[in-house]
Amino acid sequence: MNPIDKLTELFEHFPGIGPRQARRFVQYLLVSSAADRTELADLIKRVGTETTQCKKCFRWFVGRSGLCAICADSHRDATTLFIVEKDADLENVERSGFSGLYFVLGGTIPLASEEPGKYIRLRELLKRVGENNLKEIILGLSATTEGDHTRQILNEKLKDTGLKISSLGRGLSTGSELEYADPDTIASALSSRQ
Ligand SMILES: [Zn+2]
């Protein structure tokens, strides 16, 4: 396959990108400078070689050590664990001033699913909540059908931990995602969580 078609096809695999947008990306690259194209290719390579997935919260970060800067920070409130679907949600919650720790689920559970562990890091989460110091779990899932479904399953799976489990859903409008909520809205949803 020629590089134009091949690259278009690869861009189509990106989340939220259709064939028309994929073609526009390739068109843009064709008129970019050789230096810009080389820089982009180089950065894509480095994203693979210079990043690590945190062993504790599972977010991706630039570095070599096992823990990200948030998990390694001993000044953070280790009694509260904020559960999010993806890295972008975590970054947005961080802007709201939340000072506890996080866990990235890696997705949501589809409605008809028989095996929740196939779609989210369920085993890793259950191991994580068994660690000491933790008092409260905040479920920061999308106010969508799948987000609600995931929240129900997690409530069920976590109820025997004896920890307080609260939800952020009420403060965010229906269908909204944490990734797009503004930090002030997240901060007020956090303070009114139940
Ligand atoms: Zn981490």
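Glu-179 counts as partly exposed, because its relative accessibility is 27%. Here "buried" means under 20% relative accessible area, "exposed" means over 50%, and "partly exposed" lies in between (1.4 Å probe, protein chains only). The structure is a predicted model, in which local features need pLDDT of at least 70 and side-chain atom pairs count only at pLDDT 80 or more, while totals for chains, interfaces and linings use all residues. Residues are numbered from 1 along each chain as its sequence is written, and side-chain values use heavy atoms, with hydrogens and water left out.

Glu-179 has a partner. Its side chain meets that of Lys-86 in a salt bridge, with N and O 3.4 Å apart. A salt bridge is a side-chain nitrogen of Lys or Arg within 4 Å of a carboxyl oxygen of Asp or Glu. This pair links distant parts of the chain. Glu-179 sits in the loop between strand 6 (164-167) and helix 8 (183-191). Lys-86 sits in the loop between strand 3 (77-84) and helix 5 (87-95). The two are 93 residues apart. Lys-86 has a relative accessible area of 26%, so it too is partly exposed.

Now step back to the whole chain. The protein chain has eight helices and six strands. Both are DSSP runs numbered from the N terminus: helices are H or I with at least four residues, strands are E with at least two. Along the sequence the pattern reads α-α-α-β-β-α-β-α-β-α-β-α-β-α. The C-alpha atoms fill a box of roughly 60 × 35 × 35 Å, taken along the principal axes. The chain has 194 residues, and 39% of them are buried.

One way to sense the extent is to pick two residues. Gly-162 and Pro-3 are 159 residues apart along the chain, and their C-alpha atoms are separated by 56 Å. Gly-162 lies in the loop between helix 7 and strand 6. Its relative accessible area is 68%, so Gly-162 is exposed.

Next comes the metal. Which residues hold the zinc ion as protein donors? They are Cys-54, Cys-57, Cys-68 and Cys-71, each through its SG atom, at 2.3 to 2.4 Å. Donors are N, O and S atoms within 2.8 Å of the metal (3.2 Å for Na, K and Ca); water is not among the atoms, so sites may look incomplete. The angles among the four donor atoms run from 107 to 115°, and the site is tetrahedral. The ideal angle for four tetrahedral donors is 109.5 degrees.

The zinc donors are spaced C-x2-C-x10-C-x2-C in sequence. Cys-57 lies in the loop between strand 1 (51-53) and strand 2 (60-62), and Cys-68 in the loop between strand 2 and helix 4 (69-72), so this pair ties together parts that are eleven residues apart in sequence. Both Cys-57 and Cys-68 are buried.

Most residues other than glycine have a negative phi. Phe-58 is not a glycine, yet its phi is positive, at about 75°. Phe-58 counts as buried, because its relative accessibility is 16%.

Side chains of opposite charge can pair when their charged atoms come close. How many salt bridges are there? The count comes to ten. One of them joins Asp-148 and Arg-151, at 2.5 Å from N to O. These two are three residues apart in helix 7 (residues 145-158), which means that about one helical turn separates them. Asp-148 is partly exposed, because its relative accessibility is 35%. Arg-151, at 12%, is buried.

Another salt bridge pairs Lys-159 with Glu-156, whose closest N and O atoms are 2.7 Å apart. Glu-156 is partly exposed at 49% relative accessibility. Some bridges share partners: Lys-86, Asp-89 and Glu-179 are joined in this way into one network.

Conventions
Four donors count as tetrahedral if all angles lie between 85 and 135 degrees; four count as square planar and six as octahedral if opposite donors are over 155 degrees apart and all others between 65 and 115; anything else is irregular.
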